Amino acid sequence: MVQQAVTLDNLFHALADPTRRAMLASLAIAHRNIGELAAPHAMSFAAASKHVRVLEQAGLVRRRIEGRSHVLNLEPEAMKTAERWITERRAMWERHFDRLADYLASTDPDKEIRKKGVSK
Amino acid sequence: MTTGTAAKPAVTFGSFTINRVLKASPEQVYAAWSTEEGKKRWFKAPKEGWEQLERKFDFRIGGHERLVGKWRSGMVTDFDCLYRDIVPNERIVYVYDMALDGKKISVSLATIEIRPERVGTRMTMTEHGAYLDGYEDAGSRERGTNAQMDELEATLQA
């Protein structure tokens, strides 16, 4: 039970970060090494490696060592459990709320308040 | 409810809370939920890889909202919502179903609380859900993975 809770916390934590979500999206297309995962984010190898570790701890990705390179794959087993669906649902709302935060940050407060006055 | 399948209907109960402090007034946050033009700015899929099939928006107690869309993988998602309680600028309570390819995967009670903070506004969502066996039917692991990857990919393009 405790183990389960820890795992769920790890999952939520892993999915709450936009960089890690982007890494997962990238891994959905093909397996990658850490350098390839770091490249689109203009981040150091060490920083990318830290994100990968969080994804690993959440059971979302699996690491394979090929010579000198660490190759990352999506972990298909992570998609299986019932808790997984709840995690996904939470992640769905988190993504919407990311967009909501962006939208609110981009709006002119005075204009929005006037708009509210005429809303149905 | 599933019919015509050998699998036993199953349900998993779950709840979660999401807390955000937003750089906006409670009135702005409420407007982003309560007006069609506000909500469509954020309650949507990013442009690429998703086609809107149906949208209804009737924000009042007893009002109905629906958003149906088709993802790149061909999967159709259906958000079907009824507003149960509304206190302007403070609280929104709604019940919503989600369906994947016409199969119901969940029925949830969602409560949005809006509270001013010293700087910005705290928005708290609490969901209590019944996650249904449709998840297993519609969401074979591969299917579920595709759906998730569609969304993740879309997030990248946002």
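Modeller: This is a predicted model. In chain B, seven strands form an open sheet in the order β1-β7-β6-β5-β4-β3-β2, with antiparallel pairing.

Colleague: What makes β1 and β2 of chain B edge strands?

Modeller: β1 (11-22) and β2 (50-57) of chain B each have a single partner strand, so one side of each is left without a neighbour in the sheet.

Colleague: Which strands does helix α1 of chain B lie across?

Modeller: Helix α1 (residues 26-34) of chain B lies across β1, β2, β4, β5, β6 (103-116) and β7 (121-132) of chain B. Relative to β6(B), helix α1 of chain B runs at about 160°.

Colleague: Why is the contact between Asp98(A) and Arg21(A) called a salt bridge?

Modeller: The cut-off is 4 Å between a side-chain nitrogen of Lys or Arg and a carboxyl oxygen of Asp or Glu. For Asp98(A) and Arg21(A) the N to O distance is 2.2 Å, so the pair qualifies as a salt bridge. Asp98(A) belongs to helix α5 (residues 82-106) of chain A and Arg21(A) to helix α2 (residues 18-29) of chain A, so the bridge ties together parts that are 77 residues apart in sequence.

Colleague: Are these two residues, Asp98(A) and Arg21(A), buried or partly exposed?

Modeller: Buried means under 20% relative accessible area. Arg21(A), at 2%, is therefore buried, whereas Asp98(A), at 23%, is partly exposed.

Colleague: What makes the contacts of Arg60(B) with Asp58(B) and of Glu117(B) with Arg122(B) salt bridges?

Modeller: The closest N and O atoms are 2.8 Å apart for Arg60(B) and Asp58(B) and 3.2 Å apart for Glu117(B) and Arg122(B). Both distances are within 4 Å, so both pairs qualify. Glu117(B) is partly exposed at 33% relative accessible area, and Arg122(B) is partly exposed at 30%. Elsewhere, salt bridges that share partners join Arg21(A), Arg90(A), Glu94(A), Asp98(A) and Arg20(B) into one network.

Colleague: How many salt bridges does a search of the whole structure find?

Modeller: Over all chains, the search finds 15 salt bridges.

Terms used
Residues are numbered from 1 along each chain as its sequence is written. Chains are lettered from A and ligands numbered from 1 in the order in which they are written. This is a predicted model: local features need pLDDT of at least 70, side-chain atom pairs count only at pLDDT 80 or more; totals for chains, interfaces and linings use all residues. Side-chain values use heavy atoms; hydrogens and water are left out. Helices (H or I, at least four residues) and strands (E, at least two) are DSSP runs, numbered from the N terminus. Buried means under 20% relative accessible area, exposed over 50%, partly exposed in between (1.4 Å probe, protein chains only). Two strands pair if DSSP finds at least two bridges between them. Contact means heavy atoms within 4.5 Å. Axes are lines fitted to C-alpha atoms, for helices over the stretch in contact, and angles run from 0 to 180 degrees between N-to-C directions.
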